[in-house]
Amino acid sequence: MKGKFITFEGCEGVGKSRQIHLLEEYLKANKIEYFLTREPGGTGVSEQIRSVILDGKNVDMCDGCEALLYAAARVQLLEKEIKPRLDRGELVLCDRYIDSSFAYQGYARGLGVDFVEKINSYAIENFMPDYTLFLDLPPEQAFLRKGGVDKNDRLELSGMEFHNKVYGGYVELSKRYSDRFIVIDASGEKEQTHQKIITALKQKGII
Ligand code: TYD
């Protein structure tokens with residue numbers, strides 16, 4: 001893997017999309033080339049899988065099916081978009097990746113990190129992120145900030161207990177993978193958080 005692979009993680013409503021947008025503006029202003037994608041999604045097939053996973057009508061989807069659909073969307077995105085770019089030495093940014101599966105399906109759904117790792121091993125091979133920026137904000141504060149739950153989003157509808165487990169999962173992951181996890185305190189103003197992200201990426205020699 002010749003390029004650099006950076007992923008962004010966090011609970012719903014932490015301001016992840018906004019921070020990625022601010023980072024894009026910075027990269028453009030500084031003429032730094034990058035490719036941005038997201039999970040689940042980023043290819044035609046993966047976006048179709050996304051709509052099945054997130055569809056609020058699919059209330060009877062079992063946890064194993066959910067985990068496998070995320071892995072299926074992931075392998076398609078890797079094959080078609082991420083791997084070729086990393087092989088060419090490019091900078092790839094991804095809004096959510098394997099750590100979302102660890103936190104949501106592994107910890108919060110209770111499938112376990114080892115199981116999630118097992119079903120993803122075919123999908124990702126050795127394509128792990130160089131660094132993972134975890135935007136750290138507990139769910140209560142995050143939902144307050146985003147103005148409540150999106151009632152059409154199956155994952156957002158899962159309830160506070162679920163989202164607290166997701167958050168706890170991320171905190172565990174940041175210890176388990178401390179070599180690649182960068183914890184960004186996201187409780188401040190958006191500009192402060194943005195500066196923390198820029199500083200961290202500079203320190204790691206990414207930008
Ligand atoms: P999205 O609307 O993109 O959420 P956000 O804006 O917070 O990133 O929806 C993605 C949802 O899918 C989100 O609830 C997290 C969840 N998810 C998983 O449960 N497992 C995964 O592997 C991935 C990639 C996402």
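1. Ser 101 has an N or O atom in its side chain 2.5 Å from an oxygen atom of the ligand. This counts as a polar contact (a pair of N or O atoms within 3.5 Å; within protein, one must be able to donate a hydrogen and the other to accept it, and residues adjacent in sequence count only if both atoms are side-chain atoms). The model is predicted: local features need pLDDT of at least 70, side-chain atom pairs count only at pLDDT 80 or more, and totals for chains, interfaces and linings use all residues. Residues are numbered from 1 along each chain as its sequence is written, and side-chain values use heavy atoms, with hydrogens and water left out.

2. The ligand takes up the space of the largest pocket. A pocket here is an open set of points on a 1 Å grid over the protein atoms alone, where a 1.4 Å probe fits, with protein on both sides within 12 Å along at least five of seven lines. Two or more shell residues come from each of α2 (44–54), α3 (63–87) and α4 (98–108); α4 gives the most, with 4 residues.

3. Around the ligand there are 15 residues, and those that come nearest are Glu 12, Lys 16, Arg 96, Ser 101 and Gln 105 (near: a heavy atom within 4 Å). By class, the shell holds 7 charged, 5 nonpolar and 3 polar residues. Asp, Glu, Lys and Arg count as charged.

4. The chain has 8 helices and 5 strands, in the order β-α-β-α-α-β-α-α-β-α-α-β-α from the N terminus. Helices (H or I, at least four residues) and strands (E, at least two) are DSSP runs.

5. For 207 residues a compact globule would have a radius of gyration near 17 Å, so the 16 Å of the chain agrees (C-alpha atoms; 2.2 Å times the number of residues to the power 0.38). The C-alpha trace spans about 45 × 35 × 30 Å along its principal axes.

6. Two backbone points deserve a look. The peptide bond from Glu 39 to Pro 40 is cis, with omega near -15°; Pro 40 is in the loop between β2 (35–38) and α2. Lys 31, not a glycine, has a positive phi of about 55° and lies in the loop between α1 (16–29) and β2.

Definitions and conventions:
On a 1 Å grid over the protein atoms alone, a cavity is a set of points where a 1.4 Å probe fits but cannot get out, and a pocket is an open set with protein on both sides within 12 Å along at least five of seven lines; lining residues have an atom within 4 Å of a point. A molecule sits in a cavity or pocket if more than half of its atoms lie within 2 Å of its grid points.
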